Amino acid sequence: MISVEHLTKYYGDFLAVDDLSFEIDEGHVYGFLGPNGAGKSTTMNIMTGCLSATEGHVRIDGHDIFDEPDKAKRLIGYLPEIPPLYVSETPEEYLRFVGEAKGLKGSVLREQIDKVIADTRIGDVRKRRISALSKGYRQRVGIAQALLGNPKVIILDEPTIGLDPIQIIEIRDLIRDLGRSHTVIFSSHILSEVQTICDRILIIAKGKLVVFDEPQNLERRLLTPDEINLKAEASETEIRRILSGVGHISEMNVKEEAGGGCSGAYPYGLRGYL
Ligand code: ADP
Ligand code: MG
């Protein structure tokens with residue numbers, strides 16, 4: 001469905017996305033997990049054709065996002081990190097504007113607007129000004145515009161950020177519902193969120209893909225970090241000093257041996273990335 005090959009993005013001489021490759025299959029909910037600055041938004045902006053890549057390719061159903069943008073973009077609905085809402089309009093007016101921009105007209109446009117309003121449950125505010133809506137409702141309007149035109153893939157950049165706990169639960173439920181009829185990709189920096197909603201997780205750190213797995217496997221990897229056993233002819237202080245400079249070690253157990261030197265187990269896991 002989506003193929004990302006060797007995607008690389010430099011902002012000036014800063015490397016934000018570093019040789020990212022992965023495949024998105026139809027019919028799953030994918031979570032992009034990573035801390036702030038990991039490169040999630042940059043990757044999503046490139047995948048949706050909103051930003052150019054320095055190197056690499058993105059193909060949507062075989063259509064290159066840069067060479068055949070019209071065909072490729074028709075297959076994607078995108079909610080960017082900052083949704084481009086026109087706050088002086090009502091959801092209905094805004095959706096008509098976006099629908100027309102997507103090439104919908106007449107009765108098809110009207111039916112589509114009614115459908116996305118029902119799907120995102122914003123019927124009771126459809127005639128209110130967007131400026132008067134809560135952040136949770138605004139986010140739904142943003143998701144509604146992504147759904148117009150019934151694209152196969154819905155890409156949502158941090159859809160729950162800045163929402164209160166009840167709104168977060170509602171948006172998560174909505175994402176689950178969307179996953180029944182669309183391929184959904186959404187980003188988050190909250191591990192539990194992607195674990196409960198997604199059936200595939202991609203962890204991105206410093207622009208690199210570090211994990212692509214199913215949630216149950218990820219849990220196993222998080223709960224049982226790999227362990228390295230070492231023996232060294234050195235004091236505990238010296239071992240701790242040297243290993244403190246090595247990334248992703250979550251714990252050190254050092255034991256002095258009878259004949260001098262130390263041995264120990266050094267678990268390291270994914271925690272260092274999150
Ligand atoms: P995320 O969405 O995971 O928080 P971003 O893709 O927004 O990460 O950013 C990745 C890195 O690229 C960050 O270090 C960010 O500061 C940098 N960055 C993002 N946009 C720009 C830009 N327009 N110019 C320069 N650096 C940028
Ligand atoms: Mg972001």
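Predicted model: local features only at pLDDT ≥ 70, side-chain atom pairs only at ≥ 80, totals over all residues.
Modeller: Residues are numbered from 1 along each chain as its sequence is written, chains are lettered from A and ligands numbered from 1 in the order in which they are written, and side-chain values use heavy atoms, with hydrogens and water left out.

Biologist: How many helices and strands does the protein chain have?

Modeller: The protein chain has nine helices and 13 strands, where helices (H or I, at least four residues) and strands (E, at least two) are DSSP runs numbered from the N terminus. Along its principal axes, the C-alpha trace spans about 85 × 40 × 30 Å.

Biologist: Why is Ser3 called buried?

Modeller: Buried means under 20% relative accessible area, exposed means over 50%, and partly exposed lies in between, with a 1.4 Å probe and protein chains only. Ser3, which is found in strand β1 (residues 2-11), has a relative accessibility of 12%, and therefore it counts as buried. Across the 274 residues of the protein chain, buried residues make up 46%.

Biologist: What makes the pairing of Ser3 and Glu5 a polar contact?

Modeller: A polar contact is a pair of N or O atoms within 3.5 Å; within protein, one must be able to donate a hydrogen and the other to accept it, and residues adjacent in sequence count only if both atoms are side-chain atoms. The side chains of Ser3 and Glu5 are joined at 3.1 Å, so the pair meets the distance limit. If we leave aside neighbours within four places in sequence, Ser3 is also in contact (heavy atoms within 4.5 Å) with Phe22, Glu23, His57, Val58 and Arg59.

Biologist: Is His57 buried, exposed or partly exposed, and how do you know?

Modeller: His57 has a relative accessible area of 34%, which is why it is called partly exposed. The place of His57 is in strand β4 (residues 55-60), and, not counting residues up to four places away in sequence, His57 touches Ser3, Val4, Glu5, Leu7 and Asp64. With one of these residues, Asp64, the side chain of His57 makes a polar contact through its own side chain at 3.1 Å.

Biologist: How do you know which residues surround ligand 1?

Modeller: A residue is near a molecule or strand if one of its heavy atoms lies within 4 Å of it. For ligand 1, the surrounding residues are Tyr11, Phe14, Ala16, Pro35, Asn36, Gly37, Ala38, Gly39, Lys40, Ser41 and Thr42. The largest share of this shell, three residues, comes from α1, and β2 (14-24) and α1 (40-47) each supply at least two residues.

Biologist: How do the residues of that shell divide into nonpolar, polar and charged?

Modeller: Ala, Val, Leu, Ile, Met, Phe, Trp, Tyr, Cys and Pro count as nonpolar, Asp, Glu, Lys and Arg as charged, and the others, Gly among them, as polar. The shell around ligand 1 divides into five nonpolar, five polar and one charged.

Biologist: What lies 2.8 Å from an oxygen atom of ligand 1?

Modeller: It is a polar side-chain atom of Ser41 that lies at 2.8 Å from a ligand oxygen. A backbone N or O atom of Gly37 lies 2.7 Å from an oxygen atom of ligand 1, and a polar backbone atom of Gly39 is 2.9 Å from one. Taken alone, ligand 1 exposes 560 Å², of which the protein buries 60%, with accessible areas taken from the Shrake-Rupley method with a 1.4 Å probe, and for residues only the protein chains shown count as cover.

Biologist: Which residues have the most contacts inside the largest nonpolar core?

Modeller: A nonpolar core is a set of buried Ala, Val, Leu, Ile, Met, Phe, Trp, Tyr and Cys residues joined through side-chain atoms within 4.5 Å. The largest one has 38 residues, and those with the most contacts inside it are Leu95, Ile143, Leu156, Ile175 and Phe186. Helix α6 (residues 165-181) gives the largest share of this core, five residues. A second, separate core of 26 residues includes Tyr30, Phe32, Met47 and Ile60.

Biologist: What is the phi of Asp19?

Modeller: Asp19 has a positive phi of about 55° although it is not a glycine. Most residues other than glycine have a negative phi. Asp19 is found in strand β2, and its relative accessible area is 44%, so it is called partly exposed.
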